[in-house]
Amino acid sequence: MWPVLLLSIALMGIVFVLMAIRILLQKNGKFPNSHIGGNKALNDKGIYCATTQDKLARKEAIKIKPLKLDGDFESQTTSC
């Protein structure tokens, strides 16, 4: 059990060191953005993350004009 645990910890340490070296050596190095909102190809197709789609839907809902009712409002409402 211990050899497997130590081997996995060592491998994870090597991976973190290699990622850190790549980020430090790259100009403007930073972790890649793996979210849908950071993918330009998906954004060009109109596919956004859930929060952006929600904001767009709310913006469209605001543009819809409310229904105007003429006459007696009480007769047009339903009650339980």
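In what order do the elements of the protein run from the N terminus on? I read them off as α-α-α-α.

**Ground rules**

I noted that this is a predicted model, where local features need pLDDT of at least 70, side-chain atom pairs count only at pLDDT 80 or more, and totals for chains, interfaces and linings use all residues. Residues are numbered from 1 along each chain as its sequence is written, and side-chain values use heavy atoms, with hydrogens and water left out.

**Helices and confidence**

I looked up the element count and found four helices and zero strands. Both kinds are DSSP runs numbered from the N terminus: helices are H or I with at least four residues, and strands are E with at least two.

Next I checked pLDDT, the predictor's confidence in each residue, from 0 to 100. The protein averages 79, and 79% of the residues score at least 70. Among the elements, helix H1 (residues 2–25) has the highest mean pLDDT, 90, while helix H4 (residues 73–76) has the lowest, 52.

**Surface**

How much of the protein is buried? I found that buried residues make up 1% of its 80 residues. Here buried means under 20% relative accessible area, exposed means over 50%, and partly exposed lies in between (1.4 Å probe, protein chains only).

The accessible surface comes to about 8100 Å², with 66% of it belonging to carbon and sulfur atoms. Such areas come from the Shrake-Rupley method with a 1.4 Å probe, and for residues only the protein chains shown count as cover.

**Helix H1 and what follows**

I opened the UniProt record, an unreviewed entry, and it places a "transmembrane region" at residues 6–25. Its positions are given in the numbering used here, feature names are shortened, and annotations may be inferred rather than shown by experiment. In the model, residues 6–25 are 100% helix and 0% strand, with the end C-alpha atoms 29 Å apart.

I then met a nonpolar patch on the surface: Leu7, Leu11, Ile14, Val17, Leu18, Ile21 and Leu25 have about 710 Å² of accessible area together. Patch members have over 30% relative accessible area and no salt bridge; like charges are joined within 9 Å, and nonpolar side chains (Val, Leu, Ile, Met, Phe, Trp, Tyr) within 5 Å. One of the members, valine 17, is found in helix H1 and is partly exposed at 48% relative accessibility.

Alanine 20 lies in helix H1 and is partly exposed too, at 35%. I looked up its C-alpha distance to lysine 30, 10 residues apart along the chain, and got 9.3 Å.

Glycine 38 sits in the loop between H1 and helix H2 (40–44), partly exposed at 35%. From its C-alpha to that of tyrosine 48, 10 residues apart along the chain, I read 8.9 Å.

**Helix H3**

H3 has 14 residues and reaches 20 Å from its first C-alpha to its last, close to the 20 Å expected at 1.5 Å a residue. The expected span is 1.5 Å times one less than the number of residues. Zero of the 14 residues are buried, so H3 lies largely in the open.

Which side chains meet in a salt bridge? I found aspartate 54 and arginine 58, at 3.0 Å from N to O. The rule asks for a side-chain nitrogen of Lys or Arg within 4 Å of a carboxyl oxygen of Asp or Glu, and the count comes to one. Both residues lie in helix H3 (residues 50–63), four residues apart, about one turn of the helix. Aspartate 54 is partly exposed at 36%, whereas arginine 58 is exposed at 55%.
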